[in-house]
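Have the viewer open and follow along.

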Amino acid sequence: MRRPTHPGAVLREDVLPALKMTQTEFAKLIGVSRLSVSQLLHERRSLSPEMAMRVATLLRTTPESWLRMPRRIALESSFRPPKNEERCVVMRAIKKSAKPEQAGEIKEDLEEEASVEQYWHSAGRAKLRKPPKNYKYIEEMAHLQFELIKLQESVRLQGLKVVVIFEGRDAAGKGGVIKRITESLNPRVCRIAALGTPTEKERGQWYFQRYVAQLPAKGEIVLFDRSWYNRAGVEHVMGFCTDEEYEEFLRTAPQFEEMLIQSGIFLVKYWFSVNDEEQERRFQERMRSPIKRWKLSPMDTESRKHWVEYSQAKDVMFARTDTKISPWFVVNADVKKTARLNCIAHLLQRIPYTDLTPVEVELPPRQEDNGYKRPKRSTQNFVKAIY
């Protein structure tokens with residue numbers, strides 16, 4: 001398909017002040033030199049189709065709409081995620097038919113997701129700020145998820161590479177935070193890496209090799225639901241690696257992470273800390289609920305016998321791998337909801353991003369059928385309607 005050329009697209013002087021950017025910052029964002037931006041401003045040369053699209057994205061509009069804009073640029077966001085009525089329907093069905101101990105977590109999650117979406121229309125605040133003392137969890141989660149969308153667009157358009165590691169005690173709430181981060185993002189940009197037990201072939205590889213295969217390309221965010229730090233924890237405590245392999249890991253892990261950071265990857269490491277009483281309560285809850293019971297693996301139950309050894313291993317891991325260039329950040333996870341808010345707010349502060357709210361897409365009219373007739377339903381295998 002031939003791309004539109006936008007012959008009248010020029011870089012107006014009011015673009016940079018509107019975006020609150022210098023020429024250097026703007027040049028980096030659209031992928032040209034500062035001299036090129038200066039020439040475009042002063043010589044009034046036409047933009048290429050690709051550059052016109054980048055500028056339009058920054059202005060949260062389309063190239064066609066941008067060219068029709070008056071001198072004053074409209075920067076108000078028009079992004080309005082639709083409400084998902086299906087969640088409400090499912091939620092009502094759960095309330096009606098499921099036993100509380102079996103569907104409590106599903107119902108709670110659906111209620112939260114439906115409530116968050118109701119606040120998205122007002123969540124787009126200018127920047128992160130200290131929440132009031134009487135904040136509402138749903139409102140803050142909506143705001144943070146809206147900011148995550150902006151972060152996602154910055155990562156995608158600027159070609160950033162982001163790695164976030166989630167480690168911590170069993171039942172500390174890592175999965176809940178990961179879910180809240182990813183549920184509003186594009187899975188092609190933000191994905192989860194949750195590796196299982198290494199295969200026989202992987203055991204014969206360089207230890208970091210299978211994790212390297214999961215690292216992000218430009219414009220990607222990868223969330224590691226447990227990571228190479230398995231060797232410093234479960235593998236060491238449960239005897240799945242030798243003392244020599246354990247010591248080699250502690251020596252080389254900081255070097256490996258420094259190489260990642262020097263290559264341009266943003267690396268953030270979180271440790272979720274939960275007290276003994278709260279962890280025990282969550283374990284008992286998982287045992288009672290069939291919905292949550294899958295979360296208790298044989299290794300989780302076995303680890304209860306080695307509580308002190310895991311604590312000692314964590315202390316050693318921090319002493320050897322909590323470096324200035326790649327520090328550990330501890331999340332107090334005794335209260336799940338505050339842990340989610342604190343972790344997401346901190347992550348947004350660690351990755352530089354600009355307000356690149358996705359543009360509102362103008363839907364073209366649907367093509368006329370011109371006499372097209374669909375095949376008979378009898379020629380296709382439809383799913384039996386039992387609802």
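Which residue lies over the face of phenylalanine 382? In this predicted model, that residue is arginine 377, at 4.2 Å from the ring centre. There's another case to look at: the charged end of arginine 169 sits over the ring of tryptophan 307, 3.6 Å from its centre.

**Rings against rings**

The structure holds 21 aromatic pairs. Here are two of them:

| Pair | Centre distance | Plane angle | Geometry |
|---|---|---|---|
| Tyrosine 229 and phenylalanine 249 | 5.6 Å | 90° | edge-to-face |
| Tryptophan 271 and phenylalanine 318 | 6.0 Å | 85° | edge-to-face |

Why call the pair of tyrosine 229 and phenylalanine 249 edge-to-face? Their planes sit at 90°, and the cut-off for that label is over 60 degrees. Tyrosine 229 comes from the loop between β3 (220-225) and α12 (234-237), while phenylalanine 249 belongs to helix α13 (residues 243-262), so this pair ties together parts that are 20 residues apart in sequence. Tyrosine 229 is buried, with a relative accessible area of 2%, and phenylalanine 249 is buried too, with a relative accessible area of 2%.

As for the second pair, tryptophan 271 is in strand β4 (residues 265-273) and phenylalanine 318 is in helix α16 (residues 307-321), so the parts it ties together are 47 residues apart in sequence. Both tryptophan 271 and phenylalanine 318 are buried.

Zoom out a bit and you'll find these residues in a cluster linked by ring pairs, whose members include Trp206, Tyr211, Phe224, Tyr229, Phe249, Trp271, Phe318 and Trp328.

Which way do β4 and strand β1 (residues 161-168) run, parallel or antiparallel? They run parallel, and 8 bridges join them. Within this pairing, glutamate 167 has tryptophan 271 as its bridge partner in β4.

β4 also pairs with strand β5 (residues 328-332), again in the parallel sense, over 5 bridges. Here tyrosine 270 has phenylalanine 329 as its bridge partner in β5.

**The helix and the cores**

Now for helix α8 (residues 137-158). At 1.5 Å a residue, its 22 residues should span 32 Å, and its end C-alpha atoms are 31 Å apart, which agrees. Of those 22 residues, 18 are buried, so α8 is largely enclosed by the rest of the structure. Just after α8 comes glycine 159, which takes a positive phi of about 70°.

In soluble globular proteins, nonpolar side chains tend to be buried together. The largest nonpolar core here has 34 residues, and those touching the most other members are Val164, Phe166, Ile181, Leu223, Tyr270, Phe272 and Ile344. Several elements each supply at least two residues of this core, among them β1, β3, β4, β5 and α17 (336-350). Which element gives the most? That's α8, with 8 residues.

Leaving aside its neighbours within four places in sequence, leucine 223 is in contact with residues including Val164, Phe166, Ile178, Ile181 and Cys190.

There's also a second, separate core of 25 residues, which includes Tyr246, Phe256, Ile265 and Phe318.

Note on methods
Residues are numbered from 1 along each chain as its sequence is written. This is a predicted model: local features need pLDDT of at least 70, side-chain atom pairs count only at pLDDT 80 or more; totals for chains, interfaces and linings use all residues. Side-chain values use heavy atoms; hydrogens and water are left out. Rings of Phe, Tyr and Trp (its six-membered ring) pair if their centres lie within 6.5 Å; planes under 30 degrees apart count as stacked, over 60 as edge-to-face and the rest as tilted. Helices (H or I, at least four residues) and strands (E, at least two) are DSSP runs, numbered from the N terminus. Buried means under 20% relative accessible area, exposed over 50%, partly exposed in between (1.4 Å probe, protein chains only). A charge sits over a ring if NZ of Lys or CZ of Arg is within 6 Å of the ring centre and within 35 degrees of the ring normal. Two strands pair if DSSP finds at least two bridges between them. The expected span of a helix is 1.5 Å times one less than its number of residues. A nonpolar core is a set of buried Ala, Val, Leu, Ile, Met, Phe, Trp, Tyr and Cys residues joined through side-chain atoms within 4.5 Å. Contact means heavy atoms within 4.5 Å.
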